Amino acid sequence: MTDTRTRADWENLLATLTPQGRHFIDGRLTDAISGETFSRPRPMDGKPGTALARGRAADIDRAVASARKAFDGAVWRGKEPLERKTIMLRWAALIRAHGEELALLETLDVGKPVTASLGVDVRLCADGIQFYAEMIDKLYDEIAPTGPKARALVRKVPLGVVGAITPWNYPMIIDAWKLGPAIAAGNSVVLKPAEQSSLTAIRLAELGFEAGLPAGVLNVVTGHGEEAGKPLALHMDVDMIAFTGSTEVGKLIMTYAAQSNVKRVALELGGKSPLVVFADADLDAAASAVAWGCFYNSGETCHASTRLVVERSVQEALIEKIRAVTAREITLGHPLDPAAQIGALIEEGHMEKVLSMIAAGENEGAKRAFGAERVMAETGGYYVSPGVFVDMTNDMSLARQEIFGPVLAAIPFDTEEEALSIANDTIYGLAGAVFTRDMDRAHRMSEAIHAGTVWINTYDMSNFATPFGGFKQSGFGRDRSVHAIDKYCDYKTIWQQFG
Ligand code: NAP
């Protein structure tokens, strides 16, 4: 069904909302122990945002204690699987029922178009919770082979208290990628969302509680990374940190785990993904995949196709097609305008960083084909237009650094060997793609590109059945799919000897 809401409809709905900025601990909204708050401007127009509780170590201690009490008391993991499944399914249903509200909160926080927040982020968040709910009563343990005088049970048991630390680019989706499997496996969770995107995390926790998650099973502590994330990752009573964010902070998370209680870590980190286009490819399909793959969410996507590795003979034609797709389909606009396909960048400082990376790239000789400029400055928001740089080499900064803005680097090649070498010449290994009509070559390339996901003649297609995550400095551990449950559990052997 087509959504017929106008910008005025969304603005009216927004006027009725009173976003909540307090922690959610032990089944209750609560202020920071210090009473401190912080806030940040809204990306869409620079106006003041919601006051948020400024969490610190004391708040983390309180949330971890609540999570530990819930875990040790088995108030969740001790329930019948069918009951847990029913509660999580109810949670997914409540997320859907509160879709418009959640979409507006997400858009207020991060500046993405509300239609995308509703149609993509809310939907995938609810789908994620549902996917893991449905697994709960289908998880079996094992009996290991032994002699007749013994029986060895191999039990898959939850870890205990999981700390989840998440980024601001797809807050609700990534929260669901952590919360779904961690809670389905029987753990308790303390979630520290990015300081830029707390509103939906708080609401998700409230809805989970309303659905029947016992107090303490899901806690949210808002605040800054150094002040709340670090004490969570250093906490002696946290058994695991599930982290999504930058490679730089991911490395810190590993040191915190080593400096504290050798807790497990799972890291979903940055990317600089190559999309390789051979001259025999369907160039229209490739242009659409490149433009949407790189510019969707204003380029604030970890697996964005930011490096176009293109056979030299078709570079010019392909760039013209990318320009046309971008102009025709990827409308940049105010996030409450239903016509907008992409909106604002997350904050002024990030926009300045993106613009300074573009300027540095041009100083190195990067040749601009179009875009990559600040636009809509009169709104007070932080908007940068999709842009492409051509005739790049893979050693230039725009081809190497994760920009996290709508900027594409086109790097020409002459041979398949050269294309592969450029594709793999990066510290990251999150995703990649190959476009060609030669299926032998497609399979050779897809096997050889060292990345967690490689697409053939498409980009960014996925569903919950497929694992997502990276190789190299894009991290380790996989979100999504039935396998994601594994990292929130461990094996326990119970050996019984007879006679
Ligand atoms: P970030 O700066 O690394 O922050 C991620 C989270 O870590 C935030 O909650 C942040 O809190 C927290 N944090 C910061 N410093 C910390 C510290 N010292 N100790 C503990 N926690 C700390 O990343 P971001 O800017 O939010 O997100 C963008 C990055 O995420 C990009 O690199 C992107 O590629 C990556 N990403 C990866 C995936 C994936 O699945 N591989 C998905 C999405 C995004 P504050 O916000 O308060 O600083």
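The side chains of histidine 303 and aspartate 460 are joined by a polar contact of 2.8 Å. A polar contact here is a pair of N or O atoms within 3.5 Å; within protein, one must be able to donate a hydrogen and the other to accept it, and residues adjacent in sequence count only if both atoms are side-chain atoms. The model is predicted: local features need pLDDT of at least 70, side-chain atom pairs count only at pLDDT 80 or more, and totals for chains, interfaces and linings use all residues. Residues are numbered from 1 along each chain as its sequence is written, and side-chain values use heavy atoms, with hydrogens and water left out.

Start with the two partners. Histidine 303 sits in the loop between α10 (283–295) and β13 (307–311). Helices (H or I, at least four residues) and strands (E, at least two) are DSSP runs, numbered from the N terminus. Histidine 303 has a relative accessible area of 10%, so it is buried. Buried means under 20% relative accessible area, exposed over 50%, and partly exposed in between (1.4 Å probe, protein chains only). Leaving aside residues up to four places away in sequence, histidine 303 touches Ser273, Leu430, Ala431, Trp455, Tyr459, Asp460 and Phe468. A contact of this kind means heavy atoms within 4.5 Å.

Aspartate 460 belongs to the loop between β21 (453–456) and β22 (471–472). Its relative accessibility is 36%, so it counts as partly exposed. The backbone stands out too. Phi of aspartate 460 is near 60°, a positive value in a residue other than glycine. Most residues other than glycine have a negative phi.

Valine 262 is another such case. Its phi is near 50°, again positive in a residue other than glycine. Valine 262 is found in the loop between α9 and β11. With a relative accessible area of 68%, valine 262 is exposed.

Thr247, Gly250, Ile253, Tyr256 and Ala257 are buried in α9. Seen down the helix axis, these buried residues fall within an arc of 165°, so they line one face of α9. The arc is that of the directions from the helix axis to the C-beta atoms. The face turned away from the buried side carries the exposed residues Glu248, Ala258 and Gln259. What covers the buried residues of α9 includes β7 (161–165), α8 (225–234), β10 (240–244), β11 (264–268) and β19 (428–429).

Eleven of the 13 residues are buried, so α7 is largely enclosed by the rest of the structure. Among the buried residues of α7 are Leu199, Arg203, Glu206 and Ala211. Just after α7, glycine 212 takes a positive phi of about 125°.

Now the ligand. There are 33 residues around the ligand, and Glu195, Gly225, Ser246, Leu269 and Glu402 come nearest. A residue is near a molecule if one of its heavy atoms lies within 4 Å of it. A polar side-chain atom of glutamate 195 lies 2.7 Å from an oxygen atom of the ligand. For lysine 192, a polar side-chain atom lies 2.8 Å from a ligand oxygen atom. Leucine 269 uses its backbone: an N or O atom there lies 2.7 Å from a nitrogen atom of the ligand. On its own, the ligand has 880 Å² of accessible area, and the protein covers 90% of it. Accessible areas come from the Shrake-Rupley method with a 1.4 Å probe; for residues, only the protein chains shown count as cover.

Leucine 124 lies in α5 (residues 114–135). At 25% relative accessibility, leucine 124 is partly exposed. Leucine 124 touches Ile173 and Phe464, with residues up to four places away in sequence not counted. Lysine 138 lies in the loop between α5 and β5 (142–144). Lysine 138 is partly exposed, at a relative accessible area of 48%. Its side chain makes a polar contact of 2.9 Å with the side chain of aspartate 137.
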